[in-house]
Each structure stands twice: as C-alpha cells, then as structure tokens.
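Student: I have a model open and would like to talk it through with you. Shall we begin?

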Amino acid sequence: MRPLEGLLVVSIEQAVAAPFCTARLVEAGARVIKVERPVKGDSTRAMGDQSERNAFFRYINRNKKSVTLNYKEPEGKALFLELVKTVDILWENYRPTVMPRAGLGYEDLKKIHPRLIYCQSSGLGYDGPLNDRGGFDLIAQG
C-alpha cells in the first residue's frame with residue numbers, strides 16, 4: 001500500500017508547478033481529478049505539436065482524471081463546490097487573489113468542508129508585495 005492510497009485530490013492547476021506536485025501525489029497513491037478550463041484546457045496542452053500526443057502534457061498529467069468546468073459560471077461553481085465536498089485535498093496554483101475573489105478560497109471552502117487540506121502554490125508567494133502577479137519558470141530560477 002502506498003502512503004496516500006485512498007485519498008482523493010481535486011486540482012485546479014495550470015502550467016508546470018502544481019501539475020508536477022499532483023503527479024507526485026498520484027505516485028504516492030492518491031487519486032487526482034484535474035479541473036481544466038473549457039475549450040483551452042491547461043496551458044501545457046498547447047506545447048509541442050498541440051495534439052493529444054503532446055508528450056509533456058501527458059507526462060506531467062499521467063494517471064489523473066480530467067474534467068472541464070467553468071467555476072466562473074454559477075452552474076460550474078455549484079458543481080465545483082459539490083466536488084470539493086467529496087475530496088480530501090484541493091491543490092491550486094493561481095495567483096493568490098483568484099480563488100478568494102471567486103468565492104473559492106480557503107476561508108470559503110472550509111465552511112463547507114472543515115477538514116479539507118487546501119494547498120496553494122504561487123510563484124511570488126501568498127502574502128508578499130508581489131502576490132497579485134503570476135510567477136513562472138524564469139522567476140523561479142531567479
């Protein structure tokens with residue numbers, strides 16, 4: 001038995017950092033449901049040849065289930081909230097202002113799921129002076 005066997009994770013993630021982290025959770029036994037934007041999906045789907053054969057997207061998201069959901073629309077937000085009630089862990093990597101502004105930040109979600117483990121990864125921190133900016137690879141390397 002792997003250490004995270006039986007845990008369910010919902011990830012609302014983009015690019016590389018969070019998908020890499022949730023891939024490690026899968027390897028440790030967790031089941032991960034990846035929530036993607038309608039039409040475009042995760043930005044890494046556009047890398048490489050932009051086909052279903054996209055090796056990078058497939059590598060970093062292997063063994064995850066994907067769903068498309070628009071949490072900005074009332075129906076999508078309601079579905080997302082129902083999903084959150086069923087999971088153990090939520091992982092997101094948007095700028096720290098995005099989820100709270102949508103009514104989906106930790107303070108909002110702990111009201112409907114007090115035992116939820118809320119993981120947030122951010123390029124420039126959660127409460128620093130640049131927290132409202134996105135941070136990608138070159139910033140992390142710097």
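This is a predicted model: local features need pLDDT of at least 70, side-chain atom pairs count only at pLDDT 80 or more; totals for chains, interfaces and linings use all residues.

Student: How many of the residues of β2 are buried?

Tutor: Residues are numbered from 1 along each chain as its sequence is written, and side-chain values use heavy atoms, leaving out hydrogens and water. Strands are DSSP runs of E with at least two residues, helices runs of H or I with at least four, numbered from the N terminus. Buried means under 20% relative accessible area, exposed over 50%, partly exposed in between (1.4 Å probe, protein chains only), and in the mostly covered β2 the buried residues number five of six.

Student: In what order do the strands form the sheet?

Tutor: Strands pair if DSSP finds at least two bridges between them. β3 (65–68) and β5 (117–120) each have a single partner strand, so they stand at the edges. The pairing is parallel, and the five strands of this open sheet run in the order β3-β2-β1-β4-β5.

Student: Which residue in β2 stands opposite S11?

Tutor: β1 (residues 8–12) and β2 (residues 31–36) run parallel, joined by five bridges. V10 stands opposite I33. For S11, the residue opposite is K34.

Student: Where is M47 placed?

Tutor: M47 is partly exposed, with a relative accessible area of 36%. Its place is in the loop between β2 and α2 (55–60).
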